[in-house]
Amino acid sequence: MFEGITDGLKGALSFIERSRLTEGNIREGLGQVRQALLEADVNFDVANDFVSRVTAQAMGEKVLKSIRPSEQIVGIVHQELVELMGPVDPSLPIRRDGLAVVMLCGLQGSGKTTTCGKLARMLKEQGHLPMLVAADLQRPAAIEQLQVIADQIDVPCYTESADSSPLAVCRNGLKQAKANPEVRVVILDTAGRLHVDSDLMNELEEIDRKIQPHQVLLVCDAMTGQDAVNSAKAFNDALEVDGVILTKLDGDTRGGAALSVKAVTGVPIKYIGVGEGLDRLEEFRPEGMADRILGMGDVVGLVKRAQEQIDEEEALAQQQKMLEGKFTLDDFSKQMKMMKKMGPMREIMKMIPGVGGMIADNPDMEDPEADLTRIEGMINAMTPDERSNPDRIDRSRRNRIAKGSGNAAADVNNLLKQFDAMSGMMQQMAGMGMKDRMKAVKEMSDGGMLDGGAQLRKEKIRSKRGPLDRTAAKNQKRQKRKKARKARRRNRR
Ligand SMILES: Nc1nc2c(ncn2[C@@H]2O[C@H](COP(=O)(O)OP(=O)(O)OP(=O)(O)O)[C@@H](O)[C@H]2O)c(=O)[nH]1
Ligand SMILES: [Mg+2]
C-alpha cells in the first residue's frame, strides 16, 4: 500500500534530517514533500495547503530551537496527515429498537456488491443480523452475485426479478426485513454507471428520498485516484453522503484518493477494502494510515487484525505449550496457518514498525509467503510421530521428507535446526523474568533466528565480503599507498 508516497516522503524527510536546519533547507525539504504528494496523485490544492500548513509550523521558533528539530518536523507531517484524513467515526447506525438502513452507492465496478458482503459479514460477527437487498437491476447478473455472497456468509438476501423497479425492491425488502425481528440492519446494493450521469443520480435520489436510509455510503475505487475524488464530490452534491468506503487499497494504489477525499468533499473515509475476500474490510483509522504512509508501521491495526483472525484460546494454549517446552512441529505449522489468515505476509510485515523500511530497502528479499508454504510443505511431508518428536528424524527420513515436499535435504535440516533452536530458547525463557525474555528475543532476532527466509536461503553465502566490498577495500589500499608515496616525496624534499 502506498509504496511510492512512502518512499517520496521518507526521502524528503531524510533530506531534512541530513541537512543543517536552515530556513532554506527546510523549505527545500518541504518542497520535496509537496512533490511526493503530487506524484501520489494528491489533489493539487490539497497538496499546496498541506505543505503551507507544515511549513508555517516548521518555521516556528519552537521547532528550530528544539533539541531534535528534524524529528519535530516528522511529527508535524504526521499530525497534519492525521488531520487531513480525519476525524472519522466509522460506526454504523445500529439501533437498539428498529431497523437501520444503509445504502451503498458508487460507480460501476467500484466494489459496491463486494462491500455489501463485507459489511454484512462484519455486522454478523458483531452480532447484528443484516439483510442484503439487491436493488441493482441494471446488470442482470448483479442480483445473482449478491445472492451468492449472501449465501457464502449465511445472511438473508431480498431479491426480485430484473423487471421490477429499484425503488420497489427497496420498499419490499424493507418490509420483509421488518417482518423478521432478528434483522437489525438492511444494506441496499444499488446500480453503478460508468460515469456520474443524471439517470443514475435520479434513481439514487429517489431511493434516498423515499426510503430515507440512515446512512448513505459511497464506495470508491482507490485505484482511480483523483477520478474517485471527483466522483465522490458529484455523489455528495446529489445525495449527501455520510461516509466513503475506499476499496482496492491492497493494489498498486498511489494514495492520492485516500489523502484527498476528505479535504475535497468534506466526507470522511469510514472503511477501507484491502482485498477481494469478504474478510478484507478494515475500519479506517487516520492515525494508522498516517503511520503506514510514513513507513512507521501500524501496531494498532496489526493487533486489530490479529484479534479478528486469530483464535485467542488456541493462541494461549500454544503459548503455554511453548513455555512448557511441549511445542511441536504441528503447533509450529498451526501458528503459520493463523498468521497466513491475517493477510498477505508483506502487508502484515509492513505493519510492524521498522520492518516496512527493511522490506522496501531490500526488494529482493525472498517472498515470505513462498517460504511459509515451503515450510508447511516440509511439515506436511512428516508423519505425525515425526512432527511430535523431530529428534527421530534421521538421515533417511530427512531425505524422504525432502523428496516428498520437493525441497533439498539441506532445507529440511535448516528447518529442524531452526525449530530446535527455537524450542530450546523457549524452554530457557520459561524460567526467565520479563526483562531477560525481551533480551533473549532481541538476541534471537539479531542472530536472524526469527527470520525464516534467512534460515532457508537456498544458495550458500560464501564470503561475508561481497565483490563490492572487495573493490572498495582495494581502492582504499591504493589510496593509502598513494598518500604514503606523496609523504615520502615530501620528506625527501
Ligand atoms: N483487490 C480488491 N478487489 C476488490 C476490492 N473490492 C472489490 N474488489 C473487486 O472489484 C471487482 C468489482 O467489484 P463489485 O463488488 O462487483 O463492484 P460493483 O461496484 O458492485 O460493480 P457494479 O455492480 O458492476 O457496479 C470485483 O472483482 C471485486 O472482487 C478490494 O478491496 N480489493
Ligand atoms: Mg454491484
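## Exercises on a predicted model

Leu129 is found in strand β2 (residues 129-135), where helices (H or I, at least four residues) and strands (E, at least two) are DSSP runs numbered from the N terminus. This is a predicted model, in which local features need pLDDT of at least 70 and side-chain atom pairs count only at pLDDT 80 or more, while totals for chains, interfaces and linings use all residues. Residues are numbered from 1 along each chain as its sequence is written, chains are lettered from A and ligands numbered from 1 in the order in which they are written, and side-chain values use heavy atoms, with hydrogens and water left out.

**Exercise 1.** State which residues Leu129 touches, not counting residues up to four places away in sequence.

Solution. Step one is the criterion: contact means heavy atoms within 4.5 Å. Step two is the list, which consists of Val155, Pro156, Glu182, Val183, Arg184 and Val185. Step three turns to Val186, which lies 57 residues from Leu129 in sequence and 8.9 Å from Leu129 in space, C-alpha to C-alpha.

**Exercise 2.** Describe the packing of helix α15 against helix α18.

Solution. Two packed helices are described by the angle between their axes and the distance between the axes. Axes are lines fitted to C-alpha atoms, for helices over the stretch in contact, and angles run from 0 to 180 degrees between N-to-C directions. For α15 (residues 329-341) and α18 (residues 368-380), the angle is about 145° and the axes are 10 Å apart. The contact draws on Leu329, Phe332, Ser333, Met336, Lys337 and Lys340 of α15, and on Leu372, Thr373, Ile375, Glu376 and Ile379 of α18. By class, these contact residues are six nonpolar, two polar and three charged; Ala, Val, Leu, Ile, Met, Phe, Trp, Tyr, Cys and Pro count as nonpolar, Asp, Glu, Lys and Arg as charged, and the others, Gly among them, as polar.

**Exercise 3.** Classify the one aromatic pair of the structure.

Solution. Rings of Phe, Tyr and Trp (its six-membered ring) pair if their centres lie within 6.5 Å; planes under 30 degrees apart count as stacked, over 60 as edge-to-face and the rest as tilted. The ring centres of Phe332 and Phe419 are 5.8 Å apart and the planes stand at 55°, so the pair is tilted. The pair links distant parts of the chain, with Phe332 in helix α15 and Phe419 in helix α21 (residues 409-430), 87 residues apart.

**Exercise 4.** Locate two backbone features, at Pro87 and at Gln212.

Solution. Most residues other than glycine have a negative phi, and most peptide bonds are trans. The peptide bond from Gly86 to Pro87 is cis, with omega near -5°. Pro87 sits in the loop between α5 (69-85) and β1 (100-105). Gln212, a residue other than glycine, has a positive phi near 50°. The loop that holds Gln212 runs between α9 (198-211) and β5 (215-221).
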